[in-house]
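Please read these points with the model open beside you, and look up each residue as you reach it.

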Amino acid sequence: MISLTTSCMVGRGSAPGRLVELSMMGAGARELIVAEYRVMGLSPEVIGELIAEVGPLWHEQHHARLATRPRRRAVGAGAKHKFVFVDRLLATLVNLRHGTTHDVLACWFGVDRSTVTRAIGEVRPLLAQRGCTVARGIRLRTLADVIEHLGASGQTGIIDGTEIRGRRPAAGRQDRDEFVSGRTKQNAVKSIILTDAEGRVVFCSPARPGSCADITQARQLGLVKLQAPVRGSVH
């Protein structure tokens with residue numbers, strides 16, 4: 001359980017103002033995220049579908065990773081996960097939708113920041129593998145699928161680059177300076193986001209260091225080549 005107490009000062013030389021107390025447990029964060037539609041824009045039914053589809057993939061991946069290590073105990077022995085798969089999935093979805101920092105998510109779920117970072121790194125590729133359902137029977141898994149769908153349906157796609165401020169990489173890391181954004185002069189990572197005309201996100205690229213230009217990332221994704229033969233429009 002995390003208990004945070006903050007004393008606020010109102011004006012210079014004034015007495016302590018309002019006392020703010022915040023107490024939250026991992027289970028409480030989970031209930032709030034699922035119950036409040038504005039947090040993720042997903043209904044409990046959709047979240048349940050994601051858990052049912054992505055959960056087995058994560059557990060299979062996790063056990064395969066454990067089985068490849070030299071071990072003295074059987075797979076599954078020892079302490080159980082404090083950060084269960086459902087919480088890992090929810091933390092990843094909140095991070096993708098709002099760019100919430102790993103430190104904040106760690107406070108919400110009552111775990112260490114590194115645990116959140118590792119969880120997002122495991123779950124995000126599985127979500128990409130599952131793809132995005134845009135209509136009944138139509139699921140987009142790759143950028144090529146997205147461009148083809150927009151072109152075939154004559155829809156307009158909107159592309160933009162987004163930056164999320166991050167921690168400065170550890171001293172001694174060779175590519176440390178690459179994370180400094182030329183735009184904000186802060187340590188950040190950036191992604192290319194593609195939405196349809198209604199603003200629904202249909203593709204989010206892997207994160208790149210903040211110094212990577214948007215056009216460079218677009219070229220690396222193959223976006224320019226994919227867009228050329230499409231009948232629809234992508235801006």
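**Notes on the predicted model**

1. A search of the whole structure turns up zero disulfides, and it should be kept in mind throughout that this is a predicted model.

2. In soluble globular proteins, nonpolar side chains tend to be buried together. Here the largest nonpolar core has 25 residues, and Met40 and Phe109 are those with the most contacts inside it. The elements that give two or more residues to this core are α1 (26-35), α2 (37-40), α3 (44-67), α4 (85-98), α5 (102-109) and α6 (113-130). Another core, of eleven residues, lies apart from it and includes Leu143, Val146, Leu150 and Ala218.

3. The count of aromatic pairs comes to two. In one of them, the ring centres of Trp58 and Phe85 are 5.6 Å apart and the planes stand at 35°, so the pair is classed as tilted. Because Trp58 belongs to helix α3 and Phe85 to helix α4, this pair ties together parts that are 27 residues apart in sequence. Are these two residues, Trp58 and Phe85, buried or exposed? Both Trp58 and Phe85 are buried.

Technical notes: Residues are numbered from 1 along each chain as its sequence is written. This is a predicted model: local features need pLDDT of at least 70, side-chain atom pairs count only at pLDDT 80 or more; totals for chains, interfaces and linings use all residues. Side-chain values use heavy atoms; hydrogens and water are left out. A nonpolar core is a set of buried Ala, Val, Leu, Ile, Met, Phe, Trp, Tyr and Cys residues joined through side-chain atoms within 4.5 Å. Buried means under 20% relative accessible area, exposed over 50%, partly exposed in between (1.4 Å probe, protein chains only). Helices (H or I, at least four residues) and strands (E, at least two) are DSSP runs, numbered from the N terminus. Rings of Phe, Tyr and Trp (its six-membered ring) pair if their centres lie within 6.5 Å; planes under 30 degrees apart count as stacked, over 60 as edge-to-face and the rest as tilted. A disulfide is a pair of cysteine sulfur atoms within 2.5 Å.
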